[in-house]
Amino acid sequence: MSKIEDIRGIMSDDRLTESRIEIFGRNSIVIEGCYGIKEYSADVIQINMPKGTLIVVGIGLEIKNMSDRCITIHGKIVTIEFEGA
């Protein structure tokens, strides 16, 4: 198999629709692979994910960074929930 075929296999792979969530203590979370924000307040942030919704509940939540399919949230995180398939 050539390198070009390897790259094509990676590009069409389902891993491109996967998400990654990193939690740093109780004050910061980075979500990669998201598709937008469903709800945003200081107490609840709901994020559209490939297979459902990620719900971050806390106190003083703020979106500190938002780029192409990546969001960083700061604040006191109380719970993280996932709704979906």
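## Close-up views of a predicted model

**View 1. Strands E3 and E4 make a hairpin.** Three residues lie between E3 and E4 in this hairpin. Strands here are DSSP runs (E, at least two residues), helices likewise (H or I, at least four), all numbered from the N terminus. E3 covers residues 37-40 and runs antiparallel to E4, with three bridges joining them. Two strands count as paired if DSSP finds at least two bridges between them. Across this pair, Tyr-40 stands opposite Ile-45 in E4. This is a predicted model: local features need pLDDT of at least 70 and side-chain atom pairs pLDDT 80 or more, while totals for chains, interfaces and linings use all residues. Residues are numbered from 1 along each chain as its sequence is written, and side-chain values use heavy atoms, without hydrogens and water.

**View 2. Strand E4 also pairs with E5.** The E4-E5 pairing is antiparallel and spans six bridges. Two residues separate these strands in a hairpin. Ile-47 stands opposite Leu-54 in E5. E4 is largely enclosed by the rest of the structure, because five of its six residues are buried. Buried means under 20% relative accessible area, exposed over 50%, and partly exposed in between (1.4 Å probe, protein chains only).

**View 3. The largest nonpolar core holds 13 residues.** Ile-31, Ile-47 and Ile-73 touch the most other members. Strands E2 (28-32), E4 (44-49), E5 (52-67) and E6 (70-84) each give two or more residues to this core. E5 gives the most, with four. A nonpolar core is a set of buried Ala, Val, Leu, Ile, Met, Phe, Trp, Tyr and Cys residues joined through side-chain atoms within 4.5 Å. Beyond its neighbours within four places in sequence, Ile-73 is in contact with residues including Ile-31, Ile-47, Val-56 and Leu-61. Contact means heavy atoms within 4.5 Å.

**View 4. Thr-53 sits in strand E5.** Thr-53 counts as buried because its relative accessibility is 8%. Not counting residues up to four places away in sequence, Thr-53 touches Lys-38, Gln-46, Ile-47, Asn-48, Glu-81, Phe-82 and Glu-83.

**View 5. Glu-18 lies in a loop.** The loop runs between helix H1 (3-11) and strand E1 (20-24). Glu-18 counts as exposed because its relative accessibility is 52%. Its C-alpha atom is 9.0 Å from that of Lys-51, 33 residues apart along the chain.

View 6. From the N terminus on, the order is α-β-β-β-β-β-β. Of the 85 residues, 29% count as buried.
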